[in-house]
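Subject: Structure for you to look at

Hello,

I am passing on the structure we talked about. Please open it and keep it beside this email while you read.

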Amino acid sequence: MQVSSLNEVKIYSLSAGRSLPEWLSDRKKRALQKKDVDIRRRIELIQDFEMPTVSTKIKVSRDGQYIMAVGTYKPRIRCYDTYQLSQKFERCLDSEVVTFEILSDDYSKIVFLQCDRFVEFHSQHGRYYRTRIPKFGRDFSYHYPSCDLYFVGASSEVYRLNLEQGRFLNSLQTDASENNVCDINPVHFLFATGTAEGKVECWDPRTRNRAGLLDCALSSVTADAEIDCLPSISALKFNGALNMAVGTSTGQVLLYDLRSSNPLIVKDHQYGLPIKSIQFQHQLDLIISADSRIIKMWNKDTGKIFTSMEPEYDINDVCLYPNSGMLMTANEAPKMNIYYMPVLGPAPKWCSFLDNLTEELEENPESTVYDDYKFVTRKDLENLGLAHLIGSSLLRAYMHGFFMDIRLYHKAKMMANPFAYEEYRREKIRQKIEETRAQRVQLKKLPKVNKELALKLIEEEGEEQQATRKRKQKNLPSLLKDDRFKVMFENPDFQVDEQSEEFRLLNPLVSKISEKRKKKLKLLQEQEAQEQEEEEEPEGKPSDAESSESSDDEKGWVEEVRKQRKLLRQEEKVKRQERFKEDQQTLLKPQFFEIKEGEEFRSFKDSAKKQKLMKKTLGDRLKLEEKLGTLSVSDTTVGSKQATFKLKKSEQQKKQQEAEKQHRQERKTLRRSAGHLKSKRGRGQRFH
């Protein structure tokens with residue numbers, strides 16, 4: 001039995017699993033059930049609930065005792081008795097059945113419309129009568145007040161056959177070229193037929209006149225829909241006196257109120273396939289519509305999807321068992337599917353055990369996966385070295401990962417980690433050894449972390465047990481056995497530091513008791529080292545003596561705190577002296593700092609002055625700059641203040657200015673020297 005869930009609605013497929021061949025003997029069937037787990041776990045609700053090849057129609061009698069199904073090949077009808085959970089009879093027919101109707105409360109009166117224009121009437125013993133209609137029929141309905149059968153098909157006429165008189169009556173002439181489906185309202189017996197042009201014609205059987213006409217083809221077309229051809233009517237169903245649901249060949253379901261020509265809701269299946277069946281579920285106000293691929297359940301008032309089902313094979317017909325949560329389908333496969341949804345209603349009385357079974361499954365939920373497939377994530381594929389298979393037929397994308405064949409997964413895992421089986425085997429052996437050890441007489445072993453604390457808790461637990469025995473009270477749970485404090489005795493990060501200042505000041509009297517516990521710890525460690533089989537409990541002082549020591553006067557407690565403080569001060573002095581000696585022994589090495597290019601190092605005082613100036617407010621800095629002369633503030637005629645300031649020159653600018661001055665002086669000296677030389681030369685020529 002497979003379980004699926006959509007929108008938090010659980011659907012139990014009762015026909016899932018392998019089916020055994022009919023020609024197998026009972027002995028071989030029992031042998032297969034012993035060997036195969038899937039066959040043993042399957043639920044065969046009704047024995048041999050299948051057809052040789054394909055099932056086309058399925059219906060339930062009005063008393064709910066008989067389920068009838070037609071199929072092929074060869075064309076046949078099978079009747080199943082729900083009280084016996086097995087097949088009651090099987091009848092073969094001359095031609096395939098288009099549709100059939102159960103006229104009585106049980107299986108005693110059945111009418112079959114066949115593909116070769118014949119209409120067969122069957123009673124309990126078999127075929128009772130056979131007649132023929134003028135055109136190929138597609139559907140028919142039975143009018144109970146007048147005992148008339150209305151046949152529609154590849155003609156514009158609706159043929160009427162009166163079963164009381166045993167003759168054909170005047171047919172109804174419609175405006176359509178062909179009629180596909182028909183139905184009669186169970187309250188006021190209005191006859192409706194769906195045409196190939198996408199219209200629904202309603203007729204009054206009393207006057208044989210047309211009462212109304214609905215154009216469903218125009219109403220089914222929406223702004224977003226793309227239509228290649230004119231939608232025709234493929235399904236029709238009345239609900240009560242005023243509601244009618246119409247299914248089109250393009251996959252739309254329209255819900256009408258007979259008082260209006262506009263549909264209340266238009267629901268699209270989004271597959272573009274013709275609607276084959278429409279059912280009404282009155283308990284939850286749902287409409288169950290089905291095409292060949294999907295069954296959708298939606299609210300008839302809001303159109304909100306309740307849940308949906310997608311069987312493995314194409315659907316031919318859907319039948320809802322009355323007043324229950326069971327749904328049956330006839331499909332393009334030998335096996336007819338049975339689904340059970342506890343939300344829709346209880347199980348039928350002939351299979352009431354399904355309620356108990358589903359309740360047990362809901363109490364123990366299990367993660368459902370495909371039997372022969374393994375779910376892997378992208379990270380798992382990278383670890384296995386199968387990331388190159390993404391996009392191939394070997395991986396099927398699903399949610400945040402992929403489904404792959406379980407055999408391929410095992411092979412890849414063996415290649416990636418060949419020693420996985422050895423590790424698994426060692427782990428299993430270790431677990432079994434631990435299980436056998438647990439069955440032996442267990443000795444009191446202290447944990448690796450916080451042994452003294454554990455010993456203290458064991459002693460306190462023993463004292464409490466003695467006190468509770470005297471007082472006849474219930475024992476409180478031990479701290480060592482509590483999972484919430486398990487890490488405190490396993491993780492070394494939780495080790496209690498008894499030498500810390502906080503611990504010694506908060507627990508000044510622990511030192512005396514800790515010495516006794518340390519002795520006990522040494523004894524226990526020696527006993528564990530020797531691996532003695534029998535270990536006696538360490539003897540200690542009785543609880544009364546220990547409590548008397550721990551409950552001293554306040555003076556003793558104050559003195560103990562003072563002693564601990566003195567000891568802490570002495571330890572601090574010793575630590576300071578050791579640090580001082582280490583500082584004297586260490587040699588301080590000079591540290592060198594690199595100065596940027598273009599800057600001169602003056603002193604550390606300049607940087608300190610700059611930091612002080614940056615900390616001061618803007619007003620204080622302006623006053624300082626006024627004193628230095630780098631800034632002057634004066635009032636203007638307008639009333640505002642004018643400030644003039646001089647930019648401080650950097651060291652590089654000063655160097656450049658000095659270099660320019662030197663260059664100018666050198667040029668001046670050169671010019672003067674050149675002028676003296678010229679004057680001397682002129683005097684010498686004159687002299688000659």
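The model is predicted. The chain contains 15 helices and 34 strands. It has 688 residues, and 33% of them count as buried. The accessible surface is about 47500 Å², with 49% of that belonging to carbon and sulfur atoms.

Six bridges join S5 (residues 76-81) to S6, and arginine 76 stands opposite cysteine 92 in S6.

The structure also holds 12 aromatic pairs. In one of them, the ring centres of tyrosine 66 and tyrosine 107 are 4.9 Å apart and the planes stand at 75°, so this pair is edge-to-face. Tyrosine 66 is in strand S4 and tyrosine 107 is in the loop between strands S7 and S8, so the pair ties together parts 41 residues apart in sequence. Tyrosine 66 is buried at 8% relative accessible area, and tyrosine 107 is buried at 13%. Ring pairs link Tyr66, Phe89 and Tyr107 into a cluster.

Two charged residues sit over rings as well. Lysine 59 lies over the face of phenylalanine 100, 5.4 Å from the ring centre. The charged end of arginine 117 is over the ring of phenylalanine 136, at 5.7 Å from its centre.

Regards

Technical notes:
Residues numbered from 1 in each chain as written. Predicted model: local features only at pLDDT ≥ 70, side-chain atom pairs only at ≥ 80, totals over all residues. Heavy atoms only, no water. Pairing = 2+ DSSP bridges. Helix = DSSP H or I, 4+ residues; strand = E, 2+ residues; numbered from the N terminus. Buried < 20%, exposed > 50% of the residue type's maximum accessible area, 1.4 Å probe, protein only. Areas by Shrake-Rupley, 256 points an atom, 1.4 Å probe, with all protein chains shown as cover. Phe/Tyr/Trp six-rings, centres within 6.5 Å; stacked < 30°, edge-to-face > 60°. Lys NZ or Arg CZ within 6 Å of the ring centre and 35° of its normal.
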